[in-house]
Structure formats: C-alpha cells, structure tokens
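Hi everyone, thanks for making time today. Please have a look at the structure on the screen, and I'll walk you through a few parts of it.

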Amino acid sequence: MLTFGRELCGDLATAETREWLVTNGMGGYAAGTVAGILTRRYHGLLVAALQPPLGRTLLVTKLEEAVYTNKSYELSTNRWIDGSVSPQGYRFIESFRLDGSIPVWTFALDDALLEKRIWMQPGANTTYVRYYLHRGNAVKLSLKALVNYRDYHGNTQARSWQMETGYVPHGLCVQAFSDAIPYYLFSDRGQFQLHHDWYQKFELSLERYRGLTHIDDHLCVASLAVELAPGESLLVAASTVAAPSLDGESALAMRQTYERQLLTQAFNISEQQHPLSTSGEFQQLVLAADQFIVDRPLVNEPEGKTVIAGYPWFGDWGRDTMISLPGLTLATGRPQIARTIIRTFSRYLDQGMLPNLFPDAGETPEYNTVDAILWYFEAIRAYYAATGDDALLREIWSELAAVIDWHQCGTRYNIHLDSDGLIYAGEPGVQLTWMDAKVEDWVVTPRIGKPIEISALWYNALRCMELFARVLGKPAQDYKTLAQHTLIGFQRFWYGAYCYDVLDGPEGHDAAMRPNQIFAISLPFAGGEAGGALLEPEQQRSVVDVCGRELLTSHGLRSLTPTHPQYVGTYGGDSLERDGAYHQGTTWGWLLGPYVQAHFRVYQDAARARELLTPLVQHLHGGCIGSLSEIFDGDAPMTPRGCMAQAWTVAEVLRVWQWLG
C-alpha cells in the first residue's frame, strides 16, 4: 500500500504533481491530482469510452465538497486563471493512499475524520465516489457536481450552452445536447437539487506548460447535502448506465475481488520464480498492468482485447501493444489474454505489416510502422515459451511466413531486405520506427536507411521462425540461411566502441549515440540466447558500457547522448518544442528493460542488474502514484513528463523483473 501524509498532501506544489488513475477495462478512466486541483484537460471523475476502447469523453469533472460542523470546511482545491487558489481544501488532507488501485483520501476536520475513495466498475462507464465518516460528531456533507460533455482532448468555453437535466429515481439525468448520449448522477441517500451555473476559467497548469489552451469551464448541474453520523457513508455514482448498483459495500467488494484475482493469477507463476513477487511494489505493478488491457470487440471476435499505450491520451498502437504484451500479460499470469491479443491483431496483417494505429470500425488501418510486425514475432515467441501452445502457432503460421516473404520482395514505404541481409526502410515525409515524432511536415528523426534495431528485430524474427518451423514440422532451413546472412551483414553497424544508429541513409551512416543498439544484445536470439549473437562478447560489453556512461539515467535511457549538438535535456513547450525534444535526449522509461537485460547478459550479475530497476520502481511513489510515466527529462532531476501512466514502461519493468529471477 502506497501511503502519504501531510508532508506531501499539505504542500500544494508537491500534491498537485502527484496524480491518481482508475480505469474500467474498456478505455474509460477517472484521473486527477492528490490535491484535487485540475492541472490537465484530461482530468475528470468520469471520462467515458463511448466507442470502446476510444471515443473518450469528459462527462463528470469533479465534485466540489464542503463539510459543516460547528465550522465550515471547503475540501476542494481549484486554481483560477488569475493565479489564485480557492478553495484550498488540500490543507485538510491528513493522508492519501492507494488501497490496491483505489485512491483514498482522509480529511481531518477537528475531531471528525472523513474518508473518500474513488473506483470504477470493471466493464462499465461507471465511477463511484464513497464518503465514510470514521469518527467525530455528525457532520453535514455538501457536494456540487461539475459536469461537461467534450472530447477529452478539448477545452470548454461555456458561452450560452444550456444542458437539459431531469430527475430519475435516486438521481438525475444530463442531456448535454440533442445528439449527446445521456449520462447520470446517482446517490444512495439524499436528493439532488438541480442547478445550471457555469464555473468559468479554471487554470490548467500542465496544459500551459505544454503550450496548449489552458482555460476550461465546467457546469455545476446539481448539489447534494446529507447528514453523516460516525460509521455512516454516502455513495455517489457517475455513469452512462441508467441503473448502476447503489449498494456501496457490494460495488466496492466487486472491485476489490477483481483486484485480488489479478494478484492471485500473478502469484501463481511468480512466487516460485522471483523472491520479490510478494513485495508491495510487485503487487502495485501487477495492478498497474491491468489498467492498460482493455476490450476491443470485433465482429468475429466479441471478446477481442488490446492494449492502451498510455493514459491519459493514447489509444491502442500496434508497436506499443507488442512490446508491452509479455510484461502486461505473461509476467502477470494471464497468457490467455496474450493469446487473445495476438489473434486479434492477426486479423489485420496486410502486406507483411501490422497496423500502427488499430483501426476503429469502418476506418482504414494505418501501416506506417516498420517495427510493429517484428515485435509481433517476439511477443509470439515469449507467449510460446510460456505456454507451449502449438495450436496458436499452427493457426497463424501461414500469416507469419507471408510476413517474411513480403520483407524479402518489398512492401510499403520501401521496406525491404537488402543484399547485405539488413532491412532498409523509409521514404521522405514518413516516420516508421519508434522514434516517430512529426510536426506537420517535419519528421524529427526520419532514420531513413537501415536502423539498427530493425535489423536486430529482423534477425530475431527469423530465428523465431526457425524455431516455430521445427516445432510444427515445417521446413526451417530457409529461415536459418536468411538469419545467417543477417548475422554476417550486421557487423557493418560496428563503429569502433559502439554501433551506428542507421546505415546507408540519404546522407550516409548516422553515428549518433542512441539507445537503439541495445536491442542487438537484449533481444533473446540477437543477444545469443541460443547461439549466434549479432555482436561479439567484447562488442556487447562495449555497447553496454558506452550506453551506461552516455545514456543511462535513474529512470531509463536517454534517446540521444548529451554530447550531441542536437541534444535537448528538458521536454516542454508547444508541440514544436516538445516533439523536437521527444527523441532528442528525452529519457524513456521502457528502455530500462532492454538495458538491464543487456547488462545482465554481459556481466551475469543479477543483483547489480536488479539494482538498476530500483529508481524506476520507486517512481511508483511519484508522478501517477501506483504507475510509471512515459518519459522523463534527460537532464537531472529527470522530471516525469508525457503520459502519466505508460504501458510499456510498466510492462518492461515487470518483464525484466521476472526474467532476472
């Protein structure tokens, strides 16, 4: 359990940088700050996935809370466009903790102790808020519900917007406009009183930092006042469901049972495999992993699954899904979900490629990625190693064989196997690798030519196919021959003490010191797990050492060495500045996984390798409490940036934690 006292909660500068997140397994979520202040346009009590797992729409923003005894206490905290902070309810927070993934606040109001917790119902756009009076004399709890109806990327200017509201049993219905989906507010006691008052000009500090519109308006649609005696509670539900359960004990027990089942599944495979499995950090990572796994129903696969790349703003991406799959599912004891995701994505293989963005209904998939399909092979290898599922290999064998064929003859974006056994990829104006930042027509890191990790992934995929072929009794020699050709050609990347990042680009070879070379050691076949390593032992050691000196930070690897003239050490500003820094020095948490794996391969010191994970695991206490951030500044103190919770960061820590044993 992660717990914080007044030293954090009572310091606004700190408490507003600590965020919380709860999810519903269908793309919807609720999120905010420990202080209760809105700092992002994405914060809200109910951000519903109206077209699961996407169509995310801010419906209910927050509850403005006040408690009356012989005194009055305003528990909410808001920052306004003039810079003022009012009310300042954070001053009354005695503690904040996570109970599993459920955020819990305790407010100390003289002798009264009021607890508040927030959770979502799995599989429904329903958020619960429960208040419980632990001690003290009876109090009057007053709530004001602030609502909206906008895309979660947007901002609201109230102007003359009139929403329709009306009573329903135990609550009220909100119809934002004629074509809007209705949503509801319920309580298990008391009677809502209808209002229609716009609270205008909330200041969103993180949006200001990101160079975006940072003013937002929200509608106070109702108020509720109830008396609470010690031992009594109030439940409020915000939902797109017309009749959610209002049994607070039952709804909370359902969520807690769900989370206990997640931990039980994880420990079934983990207690014997690594001694830290019962630690609070491991449990928290297991719960964090589940937040990214969501339903992706398809016409022929209603139980389809996918992975949300990051909260609050990413959807499901092919590359992120395949990189994250082993850590999110296999390291947490959920191989059936891995199988479902592998099968779900197999339906969208086309010309030897996997979609970059998963298509919504009726949309054309986007295939502008060279590495998603190659990570797909590694995800399948990891799944097979964990399960021995010959049936799945047999089912998708022909599609996998076709991928190899397409790369040999050439596919989109000039992706093809060259005569030296390396993969060439790229055309002007497109970004195909994971370093994919683009601002209008400016591709920040185009990496046209032969990026090192792509050929490492290609070699790994060929060795996977050789393995799969032998398992299924298929001819394997062609894949072995192709792999041997790549093995020989890969030495072209060697640059003396480390590797070129890209070969044969429009301007020749790119010797920029980047982290992509680490995959030539960390990938199982590329690193020589079964013989045939891409780099010689002394080369592997040199790469690990140079990456350690130039790129390693507490929370991951920098995307570019600080000695490079294009290095940017701080991520911030408008979209041009942010995207210009995204892969030009910014630290990426997920890269710590392959670095730790490569470090162990070279030095065979599990304790030392595990130590490298410690600072990132400690980040569970910072940023989004209970999860791990997407990126961090390249310069100290490596402030967390980007998405507050990122799938592949969580996944890679879990995967390598398990792998180290």
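What volume does the largest cavity have? Before I get to that, please keep in mind that this is a predicted model. The volume of the largest cavity is about 260 Å³. Searching the whole structure turns up four cavities of 30 Å³ or more.

Let's stay with the largest cavity for a moment. Its lining is made of 26 residues. If you want to find its centre on your screen, look for Trp 20, Thr 33, Gly 36, Lys 62 and Lys 116, which lie nearest to it. Several elements give two or more residues to this lining: β3 (29–33), β4 (44–51), β5 (54–68), β10 (102–109), β11 (112–120) and β12 (126–135). The largest share comes from β5, with four residues. Sorted by class, the lining has 15 nonpolar, eight polar and three charged residues.

Now to the second largest cavity, which holds about 70 Å³ of space. Among the residues lining it are Leu 21, Leu 98, Ser 101, Gln 284, Leu 287 and Cys 624. Which helix gives the largest share of this lining? That is helix α5, residues 280–290, with three residues. By class, the lining of the second largest cavity has six nonpolar and five polar residues, and no charged ones.

Next, a sheet. Here we have an open sheet of nine strands, paired antiparallel, and the order runs β1-β9-β10-β11-β12-β19-β16-β15-β14. At the edges stand β1 (3–4) and β14 (164–168); each has a single partner strand, so one side of each has no neighbour in the sheet. You can pick out one of the contacts by residue: Leu 185 has Ala 238 in β19 as its bridge partner.

Where does Thr 340 sit? Its place is in helix α7, which covers residues 335–346. Is Thr 340 buried or exposed? Thr 340 is buried, because its relative accessible area is 14%, and the cut-off for buried is under 20%. Leaving aside residues up to four places away in sequence, Thr 340 touches Glu 301, Glu 303, Gly 304 and Lys 305.

That's my tour, and I'm happy to go back to any part of it.

Notes. Residues are numbered from 1 along each chain as its sequence is written. This is a predicted model: local features need pLDDT of at least 70, side-chain atom pairs count only at pLDDT 80 or more; totals for chains, interfaces and linings use all residues. Side-chain values use heavy atoms; hydrogens and water are left out. Buried means under 20% relative accessible area, exposed over 50%, partly exposed in between (1.4 Å probe, protein chains only). Contact means heavy atoms within 4.5 Å. On a 1 Å grid over the protein atoms alone, a cavity is a set of points where a 1.4 Å probe fits but cannot get out, and a pocket is an open set with protein on both sides within 12 Å along at least five of seven lines; lining residues have an atom within 4 Å of a point. Grid points are joined across faces, edges and corners, and a volume is the space filled by probe spheres set on the points. Ala, Val, Leu, Ile, Met, Phe, Trp, Tyr, Cys and Pro count as nonpolar, Asp, Glu, Lys and Arg as charged, and the others, Gly among them, as polar. Two strands pair if DSSP finds at least two bridges between them.
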